[in-house]
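Here is a short briefing for someone meeting this structure for the first time. Please keep the view open while you read the points.

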Amino acid sequence: ALAAIVLGTAFCLVAGAIYLVQTLFRRQGGPPRIVSLLTGTLCLGFLVWCAYSLKIERVWRNFQRLSNEDHTVSIVHRQVATQATLEMGRDRLWVGHGLGAFRYVFPLYQKNYDAIYQGRRHRLYWEHAHNDYAEFFAEAGLVGVALFGSGVVVLLFGVRRAGLFSQPAFPVIMGGPVLIAIYAAADFPTHNPAVLATTAAVLTATLRWAALERQSRLRAKS
């Protein structure tokens with residue numbers, strides 16, 4: 001939760017700055033400057049409201065506790081679990097152990113790492129690896145990773161052909177999936193159906209936007 005707060009705040013600040021720079025300094029086209037200024041003001045007000053609602057001083061105390069008292073549980077254990085998960089993946093390098101098999105197969109590798117095992121009676125239970133990339137590699141193997149990577153390439157290629165990288169709204173739209181991709185290295189957000197469905201919808205809409213943008217450009221040229 002704390003990592004999500006940090007990433008969300010950073011995204012709002014960066015996306016807002018990029019949007020304002022692109023819209024205020026465009027030579028032609030785009031929304032009027034007054035609209036951009038009002039949009040930026042609304043975003044700033046939203047951040048202030050979030051800071052007040054989340055009680056930022058309490059969040060800061062939680063960060064201090066994370067760096068001091070809970071360092072081993074929250075960070076070191078996850079790093080060790082990632083190592084064990086990668087070992088699990090290397091044993092079935094090409095096709096993995098099967099999607100959804102992590103919770104059943106991982107204990108066989110967990111016992112080799114005392115930090116995350118702690119004996120049979122007090123064994124720590126890991127339903128997920130807290131690293132979606134390592135877990136996906138262990139479950140799907142290199143074949144699954146290659147298929148997933150090809151989907152990312154198709155998305156980037158379609159966006160590039162349509163010239164969406166220069167659109168002010170593009171960083172805002174893609175900010176969510178990018179933050180989830182970063183967060184997935186320390187947790188398991190893609191195992192949340194709501195997060196996964198929303199991300200898929202955003203990516204699908206982006207591809208459709210790219211297709212429509214390219215079609216309009218081709219019609220304009222003809």
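Arg217 is partly exposed, because its relative accessible area is 37% (buried means under 20%, exposed over 50%, partly exposed in between, with a 1.4 Å probe and protein chains only). Arg217 lies in helix H8. This is a predicted model, in which local features need pLDDT of at least 70, side-chain atom pairs count only at pLDDT 80 or more, and totals for chains, interfaces and linings use all residues. Residues are numbered from 1 along each chain as its sequence is written, and side-chain values use heavy atoms, with hydrogens and water left out.

**Positive patch**

- Arg217 gathers with Arg161, Arg214 and Lys221 in a patch of positive charge on the surface.
- Patch members have over 30% relative accessible area and no salt bridge; like charges are joined within 9 Å, and nonpolar side chains (Val, Leu, Ile, Met, Phe, Trp, Tyr) within 5 Å.
- Lys and Arg count as positive, Asp and Glu as negative, while His and the chain ends are not counted.
- Each charge is placed at NZ of Lys, CZ of Arg, CG of Asp or CD of Glu.
- Helix H8 spans residues 193-221 and gives the most to this patch, with three residues.

**Overall build**

- The protein chain has eight helices and zero strands.
- Helices (H or I, at least four residues) and strands (E, at least two) are DSSP runs, numbered from the N terminus.
- Along the sequence the pattern reads α-α-α-α-α-α-α-α.
- The protein chain holds 222 residues, and 27% of them are buried.

**Nonpolar patch**

- Leu93, Trp94, Val95, Leu142, Val143 and Leu147 form a nonpolar patch on the surface.
- Leu147 sits in helix H6, residues 132-162.
- Leu147 is exposed, since its relative accessible area is 60%.

**Salt bridges**

- The whole structure contains two salt bridges (a side-chain nitrogen of Lys or Arg within 4 Å of a carboxyl oxygen of Asp or Glu).
- One of them joins the side chains of Arg78 and Asp187, at 3.7 Å from N to O.
- That pair links distant parts of the chain, 109 residues apart: Arg78 is in helix H4 (residues 71-91), and Asp187 is in the loop between H7 and H8.
- Arg78 is partly exposed, at 25% relative accessible area.
- Asp187 counts as buried because its relative accessible area is 13%.
- Arg103 forms a salt bridge with Glu127, with the closest N and O atoms 3.2 Å apart.
- Arg103 lies in helix H5 (residues 102-110) and Glu127 in the loop between H5 and H6, so this pair ties together parts that are 24 residues apart in sequence.
- Arg103 is partly exposed at 29% relative accessibility, and Glu127 is partly exposed at 37%.

**Polar contacts**

- Asp187 also has a polar contact of 3.1 Å, side chain to side chain, with Tyr183.
- A polar contact is a pair of N or O atoms within 3.5 Å; within protein, one must be able to donate a hydrogen and the other to accept it, and residues adjacent in sequence count only if both atoms are side-chain atoms.
- Helix H7, at one end of the loop that holds Asp187, covers 169-183.
- The side chain of Thr85 reaches the backbone oxygen of Ala81 at 2.7 Å.
- Thr85 is in helix H4, and Thr85 counts as buried at 0% relative accessibility.

**Loop residues**

- His130 has a positive phi of about 60° although it is not a glycine.
- Most residues other than glycine have a negative phi.
- His130 is in the loop between H5 and H6 and counts as buried, at 19% relative accessibility.
- His128 is found in the loop between H5 and H6.
- His128 is buried, because its relative accessible area is 11%.
- His128 and Gly100 are 28 residues apart in sequence, and their C-alpha atoms are 9.5 Å apart in space.
- Leu99 has its place in the loop between H4 and H5, and Leu99 is exposed at 65% relative accessibility.
- Leu99 and Phe137 are 38 residues apart along the chain, with 9.7 Å between their C-alpha atoms.

Methods. Accessible areas come from the Shrake-Rupley method with a 1.4 Å probe; for residues, only the protein chains shown count as cover.
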